[in-house]
Amino acid sequence: MNQTDGPLVSVVTPTWNMGDRLSRCIASIRAQTYLNVEHIVVDGGSTDGTVDLLRSTDGITWVSEPDNGQSDAINKGFRMAKGDILGWLNADDELTPTALQRVVHAGQLNPAAGLFYGDIEVFDESSARRVPPDSTDFSFSAMWRGNTISQPGTFWTRAAHETVGPIDEDFRLTMDYELWLRFAKAGIIAEYIPHVQARFEIHDASKTGTAGMLAFVEEEAAALRKHGEPHGAAMAIDRWYWNDVIRRVGEAASSGQEALAAEIAAESLPRLRPLRSMTRWYLLLARASPPIAGWLYRRRPDRTE
């Protein structure tokens, strides 16, 4: 399929001082095997030559002016978009050549579907790995445990967009997850595309590389609270603490660094929302008696070393 008379696909790219990465993003869209594509670049007022790149590149619609962050820029692009199918691709991400062809084809096979997502390739300077979704069950109950869908390469119909509304600009890290929750609550039918749809780079300037995972988890919890799931929000924070903080406290306590274990526990407790949880009880114990906490950590069920 390479016709230009199929549904128009609008790809919005928010950017700010992304330099060479933006040129790769643009090239990946120009290389699509599906041709009926509108690319809108919304720049936040870059000072690194981005505007020169945009001026010299044919076939894109762009604006460069101060904005209120990524979510604001995405919404601005969607308001400009004319497409029947919508999505955003960050300036440091790339679509694989047949990504949009697959999206359009999936929509033709299932006209009732409103959301299309697939796998991504995550890469950095030294490695690359394919990452499928955590689950192909697109439902609010599945999303309750966290973001199961990778945003790069995910697209949806204009009808779905108009059903749930624009990006919530209160979210600066997990605006995609909050949007997926709205799609799921609205009963939007999703189609999983079992191919790598996009490439996602982790680098020093990316949000994933700079914000820290706890910040992402806390925004996911905020999204769940917004949608009436305080227990799910509390559990999201608890899962992160169980996976990260417990390890740090346990390793310190079991290696004789008892003061450090107690200090980490005391600093972490105020940020842990559940009043009753295994993590809270363990941190209270570590603050009161690091030797016992270390003994329990060495005997934890998942210990393999």
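I count a residue as buried when its relative accessible area is under 20%. That is the cut-off I kept beside me while browsing this predicted model.

**Entry 1: Tyr117 and its partner**

I began with Tyr117. Its relative accessibility is 1%, so Tyr117 counts as buried. Next I looked up the ring that it pairs with. The rings of Tyr117 and Tyr192 have their centres 5.7 Å apart and their planes at 40°, so I logged the pair as tilted. Tyr117 belongs to strand β6 (residues 113–123) and Tyr192 to strand β9 (residues 189–201), so this pair ties together parts that are 75 residues apart in sequence. Tyr192 has a relative accessible area of 27%, so I put it down as partly exposed.

**Entry 2: the other rings**

How many aromatic pairs does a search of the whole structure find? I noted six.

**Entry 3: charges over rings**

Then I turned to charged side chains. Arg199 lies over the face of Phe123, at 4.0 Å from the ring centre. I found the charged end of Lys185 over the ring of Phe140, 5.6 Å from the centre of that ring.

**Entry 4: the two sides of α12**

Which residues are buried in helix α12 (residues 278–288)? My list reads Thr279, Arg280, Tyr282, Leu283 and Ala286. Looking down the axis of α12, I see these buried residues fall within an arc of 165°, so they line one face of the helix. On the face turned away from that buried side, I noted the exposed residues Met278, Trp281 and Ala288.

**Entry 5: a patch on the surface**

My last stop was the surface. Ile292, Trp295 and Leu296 form a nonpolar patch there, and together they have about 280 Å² of accessible area. I placed Ile292 in helix α13 (residues 290–298). Its relative accessible area is 43%, so Ile292 goes into my notes as partly exposed.

Terms used
Residues numbered from 1 in each chain as written. Predicted model: local features only at pLDDT ≥ 70, side-chain atom pairs only at ≥ 80, totals over all residues. Heavy atoms only, no water. Patch = residues over 30% accessible without salt bridge, like charges linked within 9 Å, V, L, I, M, F, W, Y side chains within 5 Å. Areas by Shrake-Rupley, 256 points an atom, 1.4 Å probe, with all protein chains shown as cover. Salt bridge = Lys/Arg side-chain N within 4 Å of Asp/Glu carboxyl O. Helix = DSSP H or I, 4+ residues; strand = E, 2+ residues; numbered from the N terminus. Buried < 20%, exposed > 50% of the residue type's maximum accessible area, 1.4 Å probe, protein only. Phe/Tyr/Trp six-rings, centres within 6.5 Å; stacked < 30°, edge-to-face > 60°. Lys NZ or Arg CZ within 6 Å of the ring centre and 35° of its normal. Arc of directions from axis to C-beta.
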